[in-house]
Amino acid sequence: MADNTPTTANHRVAELDFLKFVFIVLMVVFHLAWFSRLHPDAKQFVYTFHMPAFLVMSGYLMNMSKTAPRFFRTIWWLLVPYAVMESGYIAMASVLPIAEHIDGLSLAVFADKLLLHPIGPYWYLHTMALCGTLCYLVIGRLRLSVAGSAIVACFLLYVCSRCGVVSMSCACYFLAGVVIRQVGIRLERLLAPTMLALLPLLYLAADKSCHDKATVAGIAIVWLTMSLAASVMHLLSRAAKSEVESISKVAGSVLSTALTVGRNTLSIILFSPIFTILCKPLIPVLSFDSTGLLFAVVATTVTIGGCLATTFVLDRMHISPFLLGKDRALSL
């Protein structure tokens with residue numbers, strides 16, 4: 001993600017880092033094919049909000065006021081790891097029996113998946129780069145009002161969606177984040193963090209007809225989950241300042257770990273497919289738990305830890321500047 005909103009001494013927004021932690025964990029959990037098959041209703045519910053929330057934050061954090069060279073450098077360093085990892089995923093999908101298996105891989109099929117219809121988690125980077133570029137060209141070049149820019153950008157994104165290169169609902173969530181920043185509203189304040197968000201969220205979760213990100217109910221679910229997650233972060237922050245030392249230590253450790261993971265979501269998106277596949281041998285070992293929850297906990301921990309370790313190795317081997325555009329990609 002392009003994190004460009006300086007609000008603290010180290011230019012991070014703690015609430016947004018915590019939200020990214022929550023949603024990246026859910027992404028990993030429900031990319032575990034066995035666990036997803038065991039809990040299809042939960043998967044459908046989570047898919048209603050976790051990536052839309054990421055797109056809202058991505059649009060908000062992508063700085064449209066940058067000069068063109070700086071902005072397109074940001075886009076370039078989304079496209080480079082996207083091209084490398086998506087190419088590998090396409091090749092892998094042609095030989096492994098995964099859900100997105102490709103029969104008869106050809107140059108035309110490869111180009112279609114890479115340029116137009118990405119598979120795996122990398123569609124997110126493709127959507128970010130496309131939506132970000134269109135929004136920047138409209139906002140930075142046409143010099144319209146915020147409302148006018150939003151209308152023109154929405155039309156262009158609609159045209160792209162009709163061509164099949166982006167989901168209109170996903171594009172709208174990204175555009176919503178862009179508009180929130182353009183009108184000068186702090187996203188973390190707009191969320192209005194409250195544990196009361198749990199009540200309507202439970203009601204909407206119980207109604208499967210609401211589990212669609214492209215509906216009003218779906219939009220409500222996205223906002224409510226973001227509000228609830230931000231509220232949990234505030235509770236942990238207060239607990240970390242507790243006068244009870246045991247509570248303070250546990251809460252502080254949990255919060256610190258969560259924020260570290262939240263600062264490294266790009267690495268997890270890039271490398272998680274490698275580790276979710278490597279975790280498949282754990283299924284027969286942990287299948288005594290018919291709920292799959294033990295497998296989900298172990299596999300998610302291994303996957304996130306493996307992604308962070310991979311990024312650390314890339315940093316130490318000085319590969320990160322060529323793949324991720326940074327001398328040090330791991331953010332601690």
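**Exercise 1.** Determine whether Y124 is buried or exposed.

*Solution.* The model is a predicted one. Step one: the relative accessible area of Y124 is 1%. Step two: the cut-off for a buried residue is under 20% relative accessible area. Step three: Y124 is therefore buried. Step four, on its setting: Y124 belongs to helix 6, which spans residues 123–141. In sequence, Y124 and M51 are 73 residues apart, yet their C-alpha atoms are 8.1 Å apart in space.

**Exercise 2.** Classify S231 as buried or exposed, and state which residues S231 contacts beyond its neighbours within four places in sequence.

*Solution.* Step one: S231 is located in helix 11, residues 216–240. Step two: its relative accessibility is 7%, so S231 counts as buried. Step three: once neighbours within four places in sequence are set aside, S231 is in contact with P193, T194 and M195.

**Exercise 3.** Describe the largest pocket and the composition of its lining.

*Solution.* Step one: the largest pocket holds about 860 Å³ of space. Step two: 33 residues line this pocket, and F30, H31, Y47, Y89 and E100 are the closest to its centre. Step three: at least two lining residues come from each of helix 1 (14–29), helix 2 (33–38), helix 3 (40–61) and helix 13 (265–278). Helix 3 provides the largest share, five residues. Step four: by residue class, the lining comprises 21 nonpolar, seven polar and five charged residues.

Key:
Residues numbered from 1 in each chain as written. Predicted model: local features only at pLDDT ≥ 70, side-chain atom pairs only at ≥ 80, totals over all residues. Heavy atoms only, no water. 1 Å grid on protein atoms, 1.4 Å probe; cavity = no way out; pocket = protein on both sides within 12 Å on 5 of 7 lines; lining within 4 Å. Points joined across faces, edges and corners; volume = space filled by probe spheres on them. Helix = DSSP H or I, 4+ residues; strand = E, 2+ residues; numbered from the N terminus. Nonpolar A, V, L, I, M, F, W, Y, C, P; charged D, E, K, R; others polar. Buried < 20%, exposed > 50% of the residue type's maximum accessible area, 1.4 Å probe, protein only. Contact = heavy atoms within 4.5 Å.
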